[in-house]
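I opened the model today to look up a few points for my notebook. The entries are in the order in which I made them.

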Amino acid sequence: MASDQIRNKGVNVTDHDLTFRSLSEVLQNNITPYIALLEAKDCPGIKNLMQKLMGQLMNCYIDVDSSEDEDYVQVSHNRIRCSMTSLINWYEHVTKKPDSETPSKKRTSSSRHWQSPPVVVVFKDMESFSTKVLQDFIVISSQHIHELPLVLIFGIATSPMIIHSLLPHFVSSLLCIELFQSLSCKDHLSTIIDKLLLRASFPFKLGEKVLQVLINIFLYHDFSVQNFIKGFQLCIVEHFCSQPVSVLCCQLVDAKKRADSLSHDQCENIRKLPSFRRYVESQVSEKQIALLTVDTYLKEITQKLLEDLHVYHENYLSVLRCLHVFTSFLPKYPLGKQIRELYCACLENQVWETEEYESSLQLARMLNKSDLVTMLQQCVEIFVSSSGKEFDNTVEKLKEFLTQFQKLEEEAFQEQDVSVSSQKELQKKTDLYHLQKTLLELKESRRSKKLTKFEMLRFEVVDYIDSLVRNYLVPANHKTLHEIMYFNTASVLREHLNAAPRIALHTALNNPYRYLKAFSTVVMGAEGPNADAASSDQVDDIIHARFIRAVSELELLGFIKPSKQKTDHVARLTWGGC
Amino acid sequence: MSRPGGQGRDALEVKFVPDEEVLKHIAEYTGMKVQKNKTQLVGSVKRFVKKLENISDDEAQEILEEKNYVAALGLCTQDPMGNGSSVSGGEVYSFQTPKRSSKMAELASELAQTPGQSVAPDHSKCPDKTAKAPQNNKHTSSDKVLQRNKKKEIVSTTPYRLRKRLTAPDPYLESESEYSASCSEEDEEDQKEVSTVLSGQETPAKTKAASTPPPRNTLAKKNKNKMGNLVEEYFEAHSSSKVLTSDRTLQKLRKRRLNQQTLHDLLKKAPLAYAAEIKELNQQHERLFSKWMLQLHLGFNIVLYGLGSKRDLLEKFRTSVLQESVHLVVNGYFPSITLRSILNSITEDVLNHIGTFRSPPDQLEFIIKKFKEDSSLELYVLIHNLDSQMLRGERSQQILAQLSSLPSIYLIASIDHINAPLLWDQAKLSLYNWLWYETTTFSPYVEETSYENSLLVQQSGSLALSSLTHVLRSLTLNARGIFRLLAQYQLKNKDNPSYAGLSFQDFYQQCREAFLVNSDLTLRAQLTEFRDHKLIRTKRGADGVEYLLIPVDDSTLADFLEKEDEDI
């Protein structure tokens with residue numbers, strides 16, 4: 001059976017190699033040793049395709065086997081003609097072999113695989129293959145499907161419909177299609193942010209601007225997770241290169257040890273940190289002097305501050321996730337749907353002062369009960385699983401809310417009874433004045449009851465969450481010694497990752513002097529009183545030479561090119577050319 | 001002409017700068033017609049109206065920038081000489097053909113008079129904007145007058161106008177800007193029309209009128225007229241309007257063309273301006289060396305961009321940091337560099353492998369395998385001008401990218417071409433794993449341009465000549481004779497513009513007659529050798545016959561034959 005599968009992917013190109021490589025590795029380890037990866041650019045015709053396919057299959061055969069068989073395979077590789085029959089012969093040969101010879105090594109490998117493992121052929125970019133090649137290959141291989149179990153994997157960037165538009169019905173009917181959707185690159189990014197940035201165990205953090213730059217490059221330029229990682233790596237390099245106090249950017253235990261053994265210069269570096277200065281200024285005067293002069297005291301305080309920072313991070317991330325549970329439920333997502341957006345907002349400044357936060361709180365006050373309960377349950381889970389130590393009270397409080405909600409439900413039943421009974425009472429009364437009075441009372445009680453029971457509780461919950469946010473989500477740059485952990489120079493990143501050579505050229509050329517150098521006449525004018533020499537016939541040799549150089553430089557830079565229409569004429573290529 | 005703007009109206013002041021210019025022109029070219037004055041006026045009125053109504057922020061912004069720029073250049077209207085206006089940013093920045101031969105010199109003298117002020121630091125920081133501003137400035141009214149004056153020297157304005165169209169969303173505004181800016185020939189009629197509109201308004205041809213904005217209804221009326229023209233103008237703008245260029249050629253300079261050597265000598269003599277500043281800049285770049293090394297080792301590759309030759313910088317990097325390690329320098333600007341030669345030098349010199357490869361991909365595979373096997377192998381590759389003609393091809397870039405993605409090959413390259421980043425698509429970029437560094441050095445491209453067949457030196461052809469003689473000297477006497485035959489034939493036909501080359505059969509016949517070859521096979525073998533050395537080019541004509549051609553210009557060829565004769 002030719003069972004054929006399709007993987008569906010997005011626009012992203014650069015990460016696909018990686019995806020396919022890991023896919024084939026997984027397949028190789030778990031299912032079959034016979035895997036061939038084909039790319040459209042290698043296979044302009046069916047013959048090239050077969051060659052490539054067989055080459056890869058034979059090679060992988062060598063890899064699986066040890067070197068003892070290499071001679072034989074080498075010979076056969078030269079000898080074979082690339083045809084389906086030789087492929088089948090080869091396949092029969094390799095699948096039979098383990099039974100007859102069974103060296104110890106082979107047994108282990110074959111035990112992992114099926115008895116007759118399928119041959120997997122991966123077409124990396126199905127859209128770029130010529131239809132004829134694909135058709136031929138599918139038709140031919142379907143003839144031999146009994147001897148050669150074949151699985152084709154197509155990588156498709158557009159929609160799965162493409163397979164029907166590329167292949168005519170009689171070909172596609174030979175396939176047994178199954179569709180797999182690979183994760184979108186955004187999901188990968190979320191995973192990376194979740195695993196790398198939102199972990200307290202990992203001391204290095206990105207500042208708000210830097211993170212924003214990286215995410216923007218991802219979203220607006222390439223969708224490439226690899227590039228995101230590259231940017232992240234660059235951040236780490238830059239941080240440890242440029243920030244002297246980054247010695248302390250490590251696990252808390254090590255950081256304490258290192259803080260203990262700081263040299264005087266390093267202490268001075270710490271004293272120079274703006275956040276530390278702020279901290280010093282907030283202290284009483286004796287302490288200030290001690291902090292600025294006594295190294296040992298400084299080290300002590302530094303250790304304490306580092307610990308604070310660590311605890312802050314642990315709490316921060318749990319509360320952030322908790323807040324995200326709430327905001328991701330709200331309509332229109334005022335604080336963003338993804339946790340990275342929320343994270344950016346919280347890093348940037350005090351989130352509770354923003355309008356978005358205000359509006360999301362308002363929206364949260366209108367949530368219905370079932371949503372609220374599920375959210376609270378999620379929050380409880382987050383806090384329970386978090387490593388922060390201060391959250392015992394919080395968990396209890398949240399649980400209390402939950403029980404109150406439960407009680408509310410029960411009370412609601414009773415309330416119904418009460419209302420029913422009161423209505424019964426109502427029917428008894430006949431006096432108009434009394435009727436009016438009881439109705440008013442009823443109305444009053446109803447309104448106040450609703451407020452007191454559910455809405456009050458809801459307010460309480462929201463207020464509690466708000467207080468948590470205000471307590472724990474203080475932006476990092478308000479914290480003392482945040483410079484140790486946070487990398488904040490976004491400009492470096494932009495410069496090196498997202499460079500603009502055009503702008504550099506423009507800037508350089510915009511220096512008028514430089515530009516003036518380019519034309520001999522101008523040079524003449526600038527150089528002296530004989531400004532009219534340009535129009536005279538005797539142009540100075542040096543100036544002529546400089547002019548020539550300027551022209552050839554411009555040509556090298558791609559500003560001009562010789563136009564064929566006329567002698568000695570050049571065409572302008574940039575800045576509004578012809 | 002008076003200047004009505006005064007202190008209160010800054011916008012007006014800028015507007016009327018050209019008037020000074022006009023005055024000057026009237027003084028210079030007495031034969032000017034009155035109409036010029038009118039058109040001039042129209043321009044200023046338009047501008048003024050635009051200002052008042054504040055129609056387009058863009059426009060206003062641009063005007064403001066222009067003003068800043070002029071101010072920064074220290075050439076405001078208050079300039080007693082009254083000459084500053086002629087140097088608007090556009091003329092300094094954009095590549096315009098000079099309108100008059102003396103114009104440039106005039107400009108230069110003006111600039112020379114105000115040297116200290118001409119640096120505009122804030123502009124250098126926003127090059128995008130400044131790059132835009134000159135476009136706007138390009139056709140100030142002074143220009144217009146000039147062009148009216150000398151019809152034959154009109155620059156093409158099509159792209160400019162197209163851009164205008166795109167930026168101005170309002171059709172009314174569009175037609176407006178169209179008018180204040182248009183200057184090409186075909187607009188003459190329109191200009192007249194506009195001036196009649198103005199005269200219909202009974203505006204005297206005096207500047208006073210400019211201070212009273214024309215009533216809106218006239219503008220609206222005009223607008224209606226224009227709307228009809230819009231369609232026509234669209235096609236006009238898109239049709240290939242005839243571009244008029246000047247007939248002044250270098251021959252007229254009465255200046256012999258310099259050859260490479262004298263050029264080089266001359267340039268050596270010319271003092272390098274701002275040497276101290278440039279040196280300081282370079283020292284700044286040199287401080288980055290250790291960082292580069294670190295980043296190279298961390299798996300990034302480094303690309304340098306920015307104006308100025310980065311060859312010396314890379315050389316310095318090589319000599320100061322890479323002395324101890326294996327490295328390969330690729331001079332990308334060298335015209336005969338090929339991918340194969342790069343790969344060969346890796347396999348032969350670095351890996352000590354003797355043997356040939358079927359194709360570059362095979363060779364690459366071999367290199368990858370070798371480097372993966374032996375983790376102690378490390379190689380630094382320095383490429384000057386990764387974007388050069390020879391390495392520009394998609395395939396060579398692909399292979400270089402794959403090479404650079406090896407963890408133990410460290411690539412540091414420089415690019416110069418303004419469009420160089422377009423070479424790489426996402427896939428290649430991720431293979432290259434670039435870190436960009438701006439290293440603007442301002443140093444002249446001495447080496448890089450010396451190989452280029454520059455527009456102005458190419459006729460000297462000394463390089464081509466020397467390579468010709470070099471190659472031929474290594475060949476047999478018969479081969480030289482064969483080449484001579486071809487060269488002579490080509491020279492004989494040099495005046496024939498439809499000369500496609502010598503057909504193979506004829507050539508064979510001639511060679512046989514001269515007893516140079518005895519069979520068509522030997523001739524073919526000879527020709528293959530020539531072709532390998534790029535001495536000849538073969539072209540298949542429409543009739544399927546093979547034509548042979550020496551791709552060297554005639555003067556070089558004549559020189560060559562002369563020299564050969566001397567030798568014999």
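**Entry 1: chain B overall.** I note at the start that this is a predicted model. I looked up the secondary structure of chain B and found 28 helices and 8 strands. Chain B has 568 residues, and 49% of them count as buried. For its accessible surface I got about 28,000 Å², with 53% belonging to carbon and sulfur atoms. I then took the contacts in chain B between residues at least 6 apart in sequence; 75% of these join residues at least 24 apart.

**Entry 2: helix α17 of chain B.** Which residues of α17 (residues 289-297) of chain B are buried? I listed B:F289, B:W292, B:M293, B:Q295 and B:L296. Just after this helix, B:G299 has a positive phi of about 100°.

**Entry 3: a helix pair in chain A.** I looked at α14 (residues 274-282) and α15 (residues 285-293) of chain A, which pack at an angle of about 145°. Their axes are 8 Å apart. From α14(A), the contact uses A:F276, A:Y279, A:V280 and A:E281. From α15(A), A:Q288, A:L291 and A:L292 take part. Sorted by class, the contact of α14(A) with α15(A) has 5 nonpolar residues, 1 polar and 1 charged.

Entry 4: I wrote down two residues of chain A here. A:Y333 has a phi near 45°, a positive value in a residue other than glycine. I placed A:Y333 in the loop between α16 (295-327) and α17 (339-348) of chain A. Phi of A:L481 is near 65°, again positive and again in a residue other than glycine. A:L481 sits in the loop between α21 (432-472) and α22 (482-485) of chain A. Are these two residues buried or exposed? A:Y333 is partly exposed, because its relative accessible area is 32%.

**Entry 5: cysteines.** How many disulfides are there over all chains? The count is 0, with a cut-off of 2.5 Å between cysteine sulfur atoms. I checked A:C250, which is in no disulfide. The nearest cysteine sulfur to A:C250 is that of A:C249, 7.0 Å away. A:C250 counts as buried because its relative accessibility is 12%, under the 20% limit. I also looked up B:C511, which counts as buried at 0% relative accessibility.

Definitions and conventions:
Residues numbered from 1 in each chain as written. Chains lettered and ligands numbered in written order. Predicted model: local features only at pLDDT ≥ 70, side-chain atom pairs only at ≥ 80, totals over all residues. Heavy atoms only, no water. Axes fitted to C-alpha atoms, helices over the stretch in contact; angles between N-to-C directions. Helix = DSSP H or I, 4+ residues; strand = E, 2+ residues; numbered from the N terminus. Contact = heavy atoms within 4.5 Å. Nonpolar A, V, L, I, M, F, W, Y, C, P; charged D, E, K, R; others polar. Buried < 20%, exposed > 50% of the residue type's maximum accessible area, 1.4 Å probe, protein only. Areas by Shrake-Rupley, 256 points an atom, 1.4 Å probe, with all protein chains shown as cover.
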